[in-house]
Structures are given as C-alpha cells and as structure tokens.
Amino acid sequence: MKRAIAILLTLILLSGCNQTPEQVMQNAKERSNIVDNPTLDIKLEKASLSEISKTVENVLSTNYGSLILPKDIFVSDNKVYNLNFAYINDFTSKKEEVVGLFFNDIDNNKLILHTDNVGEWFQYGDASSDGYCLTGDFDGFIGYIKNASGSWDDCLYSEIKAKYNPVFEYSNDALTLNGVQTWISEQLDFINSFLYDKYAKIDIDFDFRITDIYVREKSNGENILEFNVARTYQDVDIISRNMTNDELLNGKLGMSMRIFIEKPNEICAFQLGEGIYNVTENKKIKEIITLDCAIRLLQKKLTGNSVFKLDKINLEYILLRDPKLPDEIGNDGSISKYNAPYSKLVWRFVFTPNEKDLIDSNTGKRRYRNRVMEIYIDAITGEIDDSNFSSSVKSLY
C-alpha cells in the first residue's frame, strides 16, 4: 500500500496568539460583528478541495473574533467523495492473519472459537501466558494485549505527561520505556512500519495517519506510549473517535484505532473499535463549503461573550448507519451484524477542553479522550452537529 503524500501547510497564526482573553474579546468586538449578530446571514461559499488548500494561510491570518484558531491546519489538495462501505466480517478465514499481527508461529490449538449473543469470535492465547488476541464477526473488532502490560486502565486512563502532533511536527524528544532510552521519532517509525508492512495486508482500502502521540504514566510510575491512528481515503481522514451509547443508537460510528508501546519497538496493546471495511462506492464531490465559510458558520453558532480555543480543524469523513435499514438479527433476537455504513464529509472542530472535563464524574478517573468538545459542520449543506459539544461549557477561558 502506498503511503499518502500530504501537503502540509504549517503556518503561524498571525493574530491572537499572545493576547489575553480580554484582549481577544476586545478585538472581537472591534473587528468582527458576526459574534454579536447571530441573525447575520452567511452565504455558503463553495470551492474545490484543491482551491481550499491554497487558502489556509489567509484563514490563519484572519481574525475570527472569539474563536482562537490552532497554529496549524492541514487541508489535503486531493479529491473527496461520497463513500459507501461494506464490513469485512469473514474473520473465520482471516483469523490467522489477524492473530499473526501480534504472534509468530501460531499454534492453532490456541485458537478458541466462542459463540454468544454477539455472534462468533475467536480468542488466541490468554492473559496468564504471553497475552491474547480477540477478533470477531459481529463488527470486525480486533483487540490485543500483552500480559506484561497489565490492565487496560494503564493504557487508557493513565495520566498524560506529554502530547505530540506528528502531522505537523517530527519530535526527536527522548524518553525511557521499561528502563531503556528511546526517542519519539524512533517509535513513530516503528508504528508506521507496523501499519504499512503488516496491518495494511488486512485493511487494504485505506492509508493511515498517526494523528496524536501521548506519553502516559502508568500506575507503577513507568512510561507508556499511545498512538492514535486514523484511516485515510485519498489523504482525508475517516473520523477516529470513541462513541457513546446514544451516538451508536443514533447511527453514528467511529473508526478508532489505538496502539500502545511500553518497551521500545514492541506493541503491548492494540484496539480497533469499529472493524475493517471495504469501500464499495466512491462518488466524487466537486465542491464543498470553504474553510473560511465553515469557521464563520461556527462563529455564528457560538455567539455571546465567551472565548473558544480550537485544538484542531480537520476535514474528515464521519461514518453513519441508516437507522431505517434493518440489522441482521440472531436466533436469540439480538443484533448479529450491523448494516453497512456510509460517509458524510464534515469540517470537524475540536476544542481544547477544560481540565475538569477530562475527569469522568462517575468514576473520578481521567477519561481516555474527551468526547464532548467537538462540533461538526456538514461540508455540503452547512448543517451543524453540536451533539458532542458540552452545553455546560460556556467558555474555555
């Protein structure tokens, strides 16, 4: 599989970077009336993705009132599509390939078939030996954890010490893993090799982009590295996030992949939440809402006297399932297989969360990922989805 060649437009935000929140608000009132005029109509300006990619510098140098933009925005100059998908659910025949991602010299006697209310799934190994791998037909999930890595809590909920965005920076910072010194860049290269040399053989329709790297501190004080991976289709990300139960019931999907390292050049845990897909249809989209127009629509939505800092702005595919289409029902009356998803192209706005929003109020633990600080704007219609934006957060300052 060819690696996608991205045009990275890494630019410095020219206004608002070093201002206090009060100064930002004053500039908003002096230089923009959109925030204070929610009835102002905004024309849906559209252009090709190639044309939009050339406007990023102008967007980053524009004052958008109470919205503080990230210092970098990546927009591909490639093409975009309406995409339909089909699940790859035939893990009965592919189980050896999946297990082979993590184990050498597979012993078929260790492959155990389970049948329950979520269909058939396989387990290889167990936690008392050298770890185990799970894979199933229900939604194509894959899970792997090596025994030495301990519990999933250390992987998912341990405290974040540092964060890197490899889309815009190639870090050469050093760190210690299991008593051995290594470098962020070395482990990034290792994960990319795993994705393209091994994993791509079973997930053949996509390329991959590592979107975030976290250095976490385990309960024993040692470091663990977490890599968030997005599938990409012709250089546009397919949205990667966890979903709440309500979102799943309303037909939304995520293609979430997380990979963890606690020893240099060795994967200790892997999680793929929503399975593997084939692209069954791709219909080209000629024009979409421009980046500037999408930001102004967001600006109009977030009216008032608050200041909002954006962590990321991305053009992405969000996956949906039509709730009107029937799922396959098993003999016991439960869902045995979801209907296949389709895509919607959105401008995704990710907000820097307050520290309090990183704590789960029920468990008191840090969440793996803040799930409520995102807003999506349909890149075709301009429709705004703020269901993942916390209504209790009035301002991020």
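**A walk through a predicted model**

The charged end of Arg216 lies over the ring of Tyr214, 5.8 Å from the centre of that ring. A charge counts as sitting over a ring when NZ of Lys or CZ of Arg is within 6 Å of the ring centre and within 35 degrees of the ring normal. The model is predicted, so local features need pLDDT of at least 70 and side-chain atom pairs count only at pLDDT 80 or more, while totals for chains, interfaces and linings use all residues. Residues are numbered from 1 along each chain as its sequence is written, and side-chain values use heavy atoms, with hydrogens and water left out.

Ala162 belongs to strand 8 (residues 159-164); strands (E, at least two residues) and helices (H or I, at least four) are DSSP runs, numbered from the N terminus. Beyond its neighbours within four places in sequence, Ala162 is in contact (heavy atoms within 4.5 Å) with Ile213, Tyr214 and Val215. Ala162 counts as partly exposed because its relative accessibility is 23%; under 20% relative accessible area is buried, over 50% is exposed, and partly exposed is in between (1.4 Å probe, protein chains only).

The protein as a whole has 8 helices and 24 strands. Of its 397 residues, 50% count as buried. Among contacts between residues at least 6 apart in sequence, 71% join residues at least 24 apart.

Next come the aromatic rings. A search of the whole structure finds 13 aromatic pairs. Rings of Phe, Tyr and Trp (its six-membered ring) pair if their centres lie within 6.5 Å; planes under 30 degrees apart count as stacked, over 60 as edge-to-face and the rest as tilted. Phe102 and Phe270 form a tilted pair, 5.3 Å centre to centre with 55° between the planes. Phe102 lies in the loop between helix 4 (91-99) and strand 4 (111-116) and Phe270 in strand 16 (residues 266-272), so this pair ties together parts that are 168 residues apart in sequence. Phe102 is buried, at 16% relative accessibility, and Phe270 is buried at 0%. Ring pairs also link these two into a cluster whose members include Phe103, Tyr124 and Tyr144.

In soluble globular proteins, nonpolar side chains tend to be buried together. A nonpolar core is a set of buried Ala, Val, Leu, Ile, Met, Phe, Trp, Tyr and Cys residues joined through side-chain atoms within 4.5 Å. The largest one here has 46 residues, and those with the most contacts inside it are Ile288, Leu291, Trp347, Phe349 and Phe351. Apart from it lies another core, of 37 residues, among them Phe102, Phe122, Ile210 and Met257.

Thr290 is found in the loop between strand 18 (288-289) and helix 8 (291-301). With a relative accessible area of 13%, Thr290 is buried. Leaving out residues up to four places away in sequence, Thr290 touches Glu45, Lys46, Ala47, Ile52 and Trp347.

Finally, the cysteines. The structure holds 0 disulfides, a disulfide being a pair of cysteine sulfur atoms within 2.5 Å. The closest cysteine sulfur to that of Cys155 is in Cys268, and at 4.8 Å it is too far for a bond. Cys155 counts as buried, at 0% relative accessibility. Cys133 is buried too, with a relative accessible area of 1%.
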